[in-house]
Amino acid sequence: MRKWVSHDIDLCIGCNRCMEACPVTKKHITIADLNMATEPETEVPQNIIDFSFNCVQCGRCVPVCPAGARRDYMVLFIKYKLRAQKPGKYDKYIQIKDQDKRGFELMKQKLYTTYMKLKHRDLRQYMGSVPSENKEILFYPGCYINSPEVIRRTMKLLNFVGTPYNILGGLNTCCGIPHLLIGEFELAEKNMDLLHAKINRSTPKIVITGCAECFEALVRIKAKHKTEYDILTVTEFLLTHRDKFPKVRLRPNITLHDSCRITRRYNRGEAPRKAIEMFSKLVEMENSREKTLCCYYWNMGHDGANDKNRKKRLNEARGKSKTLACDCITCYEKYVGLDDGIEVIDILELFEEALDKEGGAR
Amino acid sequence: MKYMIIGGGCAGIEAAREIRRRDSEVKIIIIDDSGDSFIFRPALKEYLMGAIRKEELRGLPAGFFIDKRIEFLKGTVTSLDADKTLITVKENGKDTVKNYDKLLLAHGGRPNLPPYLGDRDLKNVFQFKSLGDAESIKSHLKTSKGRCMVIGGGVLGVETAELLSRMDHNVTLLSRSENLVFRGIPKRLRQRVRNLFEKNGVAILMCKMVTDIEISGDRLTGLVLDDGNLLEMDMLIACTGISPNLNLAAEAGLEISKGIHVDRTMRTSRENVFAAGDCVVLDWSSRKILRLWEPSRRMGRIAGANMTGANEVFDPYPSFYHTYLFDVPLGFFGDFDTPGEDYDRVTRKTDDGYRELVIKNNRLVGASFMGGRPSPPPFLHLMKSGKKIRGGFRQLLDDDFDIERLWYQ
Ligand SMILES: Cc1cc2nc3c(=O)[nH]c(=O)nc-3n(C[C@H](O)[C@H](O)[C@H](O)COP(=O)(O)OP(=O)(O)OC[C@H]3O[C@@H](n4cnc5c(N)ncnc54)[C@H](O)[C@@H]3O)c2cc1C
Ligand code: SF4
Ligand code: SF4
């Protein structure tokens, strides 16, 4: 990483396009200061510390760079540097997520899990146990097993499709991306390695997930451990069984919020588009695909402007359609319920509604 | 120990930083004649367009020179005596002679002017190298309505033409040869670049010679071409390449040809004299001339290290260039043009895109592309490491190839 980042600094010709494209708040940052702060031994000024922890690693800065430099990695490296200097700061997002917490942290994690298990009894068996029975499909919700509504919906759809599947979820199956995003590279690596072992117990052929961060972790694990299984988003998986779903029209039109990772980073934005076209008509926003905006979930700096930015995004969507669909569960949770003027849906809701509608008609 | 650096461009500054990194005591002096210490020179294009402010052009944080205890001298070095280790500096009209222990020539190059312009002082003819040039062009453009001629089909020529066209000026690009962007550009790619420009309203004239010029007062008003046509214009920007500054090196008896000769460690033919950046030529490499930002910076760093006694070598490979023209990515990597014998080319064409890989002995040695979702670092990584990818290189041509994957291999 260090080597690549220094190469990136050399590539940078100072055109400022990355910061033009960057959606998070920054105060008077010049490329000169930013590049200097990115170098291994230099000190990081306060305005750049603030910016770095605001950086959501959305990658919007990447496709605009004429020199082919990776500003996202450069900023990530600053986080890494800062974390190494002051471990323990900016911990909020990884407080209870980790695969082998110890001591007090472990207790907190356990307590939370027990609470969730009591609250959602139907899902308790998936909160932390590792499936070992061989099944073709592994549905990996990781920590968002704690978002029962989405999990139940996904399970309903998987049941309908009928292929046997396992579920791997719980805080102790963390994918490691939260750590990666704040520059805890070693912890991220460790979590991914542990996850790799847990996935392998049931030797799946396909691993599916609805979360863009988990998706990224899976891609990284696959590349590192040269695993055989395919990685699909839940939407991609459902599309492979599209013929089973009733053809109904659910909304006059729908607009789509692309995920930073699934669409921009991995160029897998086709599935949600096809899914929308199955049940409605897709209208694209100006800031879509590579230009998509962030949901700001990973804004570690807890920037006060996040909600304002989200609302701006919803406004853009409202100009296109009455409904905004999200492909990534993280984005969905950040946007839903924020603005009464627009309906925000998880894209799986379309499949579910289609089933319900047909069920009702029968 | 006294380290003297001529030229405060990216090569000179990187060298100075590297020397300071390795030795906190020595005296470091940079002499530069431009006054605008270390700007992001390539970002002059953004500045011209009004996308960034002057302060943002600065490539170094405020207080850098004081912080690093680097002396910055505004002056022109007019003479070099390598036997006596002396240089002559013209400061405020006065000549002073200074001695050095180690010297770095990082004084870049001068833009060429087309010979048919002679040495007349024409008010609407511009070069594009310095901040001053950018300012003059900018102020002329404010009132300019007619045709902007851009001369030269190289990197700077096409980028300048694109920029002016995006600023809604009427642009014609004139190239003497049949090459565009780079010499050796694949023919089909060249055609697509041409189409792209024409689609955006820029006329491109290739393989045309200028036989005469028309002048009115102190303004150039037209170029007469070898086909007899007259091109009328309101202004002309010459992007006809950079010639390395060689007079100092010649005077001191250094080996020179199309640049100052340096070995892999950036040493010249004279002891204690190093050179880096746009002013050098690598006569030992198949990529002899790399007048680009990134290699200049790296050369500077290596020169700096070796001036303090290290023995690091510069690796010119794989060189690459990447940019956006009208939002379409365009990239050239390594030996995209002349890889020698025994190589394969695999190509993929779309209506407005083009990708080509050059493979030699199962190794990716070059690539050129337009369109798609490229990400240069992984390409470079593949070329440098000589690694293969599972499923073969051909996948790199696919739209949905997950280029990120290469990072984790
Ligand atoms: C408009 C423009 C756009 C460009 N865009 C790109 C791009 O997009 N990508 C890319 O890779 N490259 C680009 N380049 C090329 C890149 O800028 C150069 O390769 C790089 O700046 C070379 O750095 P250098 O330090 O060798 O020389 P320079 O940057 O030329 O610095 C040399 C310095 O030495 C000073 N000097 C010269 N002679 C003397 C003397 N006798 N005494 C004292 N001082 C002296 C000069 O004033 C100058 O400040 C561009 C160049 C220009 C002009
Ligand atoms: S990754 Fe996103 S938030 Fe971070 S610097 Fe790039 S554009 Fe800004
Ligand atoms: S877009 Fe690229 S070249 Fe421009 S300032 Fe950002 S990193 Fe540097």
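User: Before we start, what should I know about the numbering and the model?

Analyst: Residues count from 1 along each chain as its sequence is written, while chains are lettered from A and ligands numbered from 1 in the order in which they are written. The model is predicted, so local features need pLDDT of at least 70, side-chain atom pairs count only at pLDDT 80 or more, and totals for chains, interfaces and linings use all residues; side-chain values use heavy atoms, with hydrogens and water left out.

User: Okay, chain B. How many helices and strands does it have?

Analyst: Helices (H or I, at least four residues) and strands (E, at least two) are DSSP runs, numbered from the N terminus. Chain B has ten helices and 25 strands. Its radius of gyration (taken over C-alpha atoms) is 23 Å, close to the 22 Å that the globule rule gives for 409 residues, so chain B is as compact as a globular protein of that length. That rule is 2.2 Å times the number of residues to the power 0.38.

User: What share of chain B counts as buried?

Analyst: Buried means under 20% relative accessible area, exposed over 50%, and partly exposed in between (1.4 Å probe, protein chains only). In chain B, 57% of the 409 residues count as buried.

User: How do I read a sheet?

Analyst: Strands of a sheet pair through backbone hydrogen bonds, either parallel or antiparallel. Two strands count as paired if DSSP finds at least two bridges between them. Take the open sheet of three strands in chain B, ordered β13-β14-β15 with antiparallel pairing. Its edge strands, β13 (210-216) and β15 (230-232), each pair on one side only. β13(B) is joined to β14 (residues 219-225) of chain B by six bridges, and B:E214 stands opposite B:G222 in β14(B).

User: Which residues have a positive phi without being glycine?

Analyst: One of them is A:N267, with phi near 55°. A:N267 sits in the loop between α12 (260-265) and α13 (270-279) of chain A, and is partly exposed at 25% relative accessible area. Another is B:N361, with phi near 45°, in the loop between β24 (354-360) and β25 (363-370) of chain B. B:N361 counts as exposed, at 64% relative accessibility.

User: And what surrounds ligand 3?

Analyst: A residue is near a molecule if one of its heavy atoms lies within 4 Å of it. Around ligand 3 those include A:C12, A:C15, A:C18 and A:C65. By class, this shell has seven nonpolar, two polar and two charged residues. Here Ala, Val, Leu, Ile, Met, Phe, Trp, Tyr, Cys and Pro count as nonpolar, Asp, Glu, Lys and Arg as charged, and the others, Gly among them, as polar.
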